[in-house]
Amino acid sequence: PLPGILQGLDRASRLYLDSALRFTCDETITEPDATPRLKETFQYIFVHEPDGSLRNTRMERGKGAGREVDAKTRGFHHFMQRAYFWVLVFHASRQKLFHYELLNKGELAEEGTLQIRFEPIPPYRESVNDWFGVAWVDPRTFQIVRVEAMKADSHEISERMKNDARSLNAGEAMIFPEIYPVQTVTSDFEKIKNGMRFPSGTHIVSSIYVLPGTLFLQRPDLRTTERTLQTYRRYKFYSVRTKEEIRDLLSLGSQGHQGKSPNP
């Protein structure tokens, strides 16, 4: 049942806020459709500061190693700042900010997962409850395997595009052409350490659709697409709970493992 799954997902989300977790990895960001094509690899660092706050930064690799980098200054237009963010959508402190739905009546989907739709409840808050999407969850471990989502503004534009297309096909008078910028994000969690999943890649697709409203084209026409690929490799864990500890923490009751609320 969904309430039990949400309790398990809350416990899993707390593992990413655990002060015992520290790691680095190589993050490669690629924009293959840019001119010129953009590609660069950074050192991604995830640590807990002495005050308990999270720190996730990109650092220069090779020449200039150790210097913090903002990917925007390198020309990248779209990228996920924190690919592990998805697990926090199910943290207990945020569950009151979302609607959740178990799809397919609990039947297992690909890779033996369950699909859970999440929709934020207005008002939307940046990096807190501003994503609509579906998560593929391993019901044995309450670990997220994949997420497909779009931010609230893209979701609203996508819904308006569908409604406008229906209205046009119904013969309603409308002013065209209309332009619809829509962005979707897919993240996969294929890296496993001691039974805990970490991001392996994120695929961002930024599309622009046009609804010309002509007699022979009454559906949205895809005009341009920009893709961003983020891959995570060569994980190095400096501190992480043991496989047994992670298994025990995930199997506890909802009050068994307490953790601080995530920061926006």
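This is a predicted model: local features need pLDDT of at least 70, side-chain atom pairs count only at pLDDT 80 or more; totals for chains, interfaces and linings use all residues.
Ten strands form an open sheet in the order E3-E2-E1-E12-E11-E8-E7-E6-E5-E4, with antiparallel pairing. Strand E3 (54-59) and strand E4 (98-102) each have a single partner strand and stand at the edges, so one side of each lacks a neighbour in the sheet. On average, and with direction ignored, neighbouring strands are turned by 20 degrees against each other. Within the sheet, strand E11 (residues 201-211) pairs with strand E12 (residues 221-239) in the antiparallel sense over 10 bridges. His203 stands opposite Leu229 of E12.

Helix H1 lies across E4, E5, E6 and E7, and runs at about 120 degrees to E4. Helix H3 (residues 152-169) also packs on the sheet, where it touches E6, E7, strand E8 (178-188) and E11. The direction of H3 makes about 130 degrees with that of E8.

The nonpolar interior comes next. In soluble globular proteins, nonpolar side chains tend to be buried together. Here the largest nonpolar core has 44 residues, and those with the most contacts inside it are Trp86, Phe90, Tyr100, Phe118 and Ile144. Helix H1 (residues 2-15) supplies the largest share of this core, six residues. Apart from neighbours within four places in sequence, Phe90 is in contact with Leu6, Leu9, Asp10, Ser13, Gln95, Tyr100, Ile116, Phe118, Ala135 and Ile144. A second, separate core has eight residues, among them Ala165, Leu168, Tyr180 and Val182.

The loops contain several backbone features of note. Most residues other than glycine have a negative phi, and most peptide bonds are trans. The peptide bond from Thr35 to Pro36 is cis, with omega near 0 degrees, and Pro36 lies in the loop between strand E1 (22-31) and strand E2 (38-48). Another cis peptide bond joins Pro122 and Pro123, with omega about 0 degrees; Pro123 is located in the loop between strand E5 (114-120) and strand E6 (131-138).

Positive phi values occur at Phe142, where phi is near 60 degrees, and at Asn194, where phi is near 55 degrees. Phe142 belongs to the loop between E6 and strand E7 (143-151), while Asn194 belongs to the loop between strand E9 (191-193) and strand E10 (196-198). Phe142 counts as buried because its relative accessibility is 15%, under the 20% cut-off. Asn194, at 25% relative accessibility, counts as partly exposed.

Technical notes: Residues are numbered from 1 along each chain as its sequence is written. Side-chain values use heavy atoms; hydrogens and water are left out. Helices (H or I, at least four residues) and strands (E, at least two) are DSSP runs, numbered from the N terminus. Buried means under 20% relative accessible area, exposed over 50%, partly exposed in between (1.4 Å probe, protein chains only). A nonpolar core is a set of buried Ala, Val, Leu, Ile, Met, Phe, Trp, Tyr and Cys residues joined through side-chain atoms within 4.5 Å. Contact means heavy atoms within 4.5 Å. Two strands pair if DSSP finds at least two bridges between them. Axes are lines fitted to C-alpha atoms, for helices over the stretch in contact, and angles run from 0 to 180 degrees between N-to-C directions.
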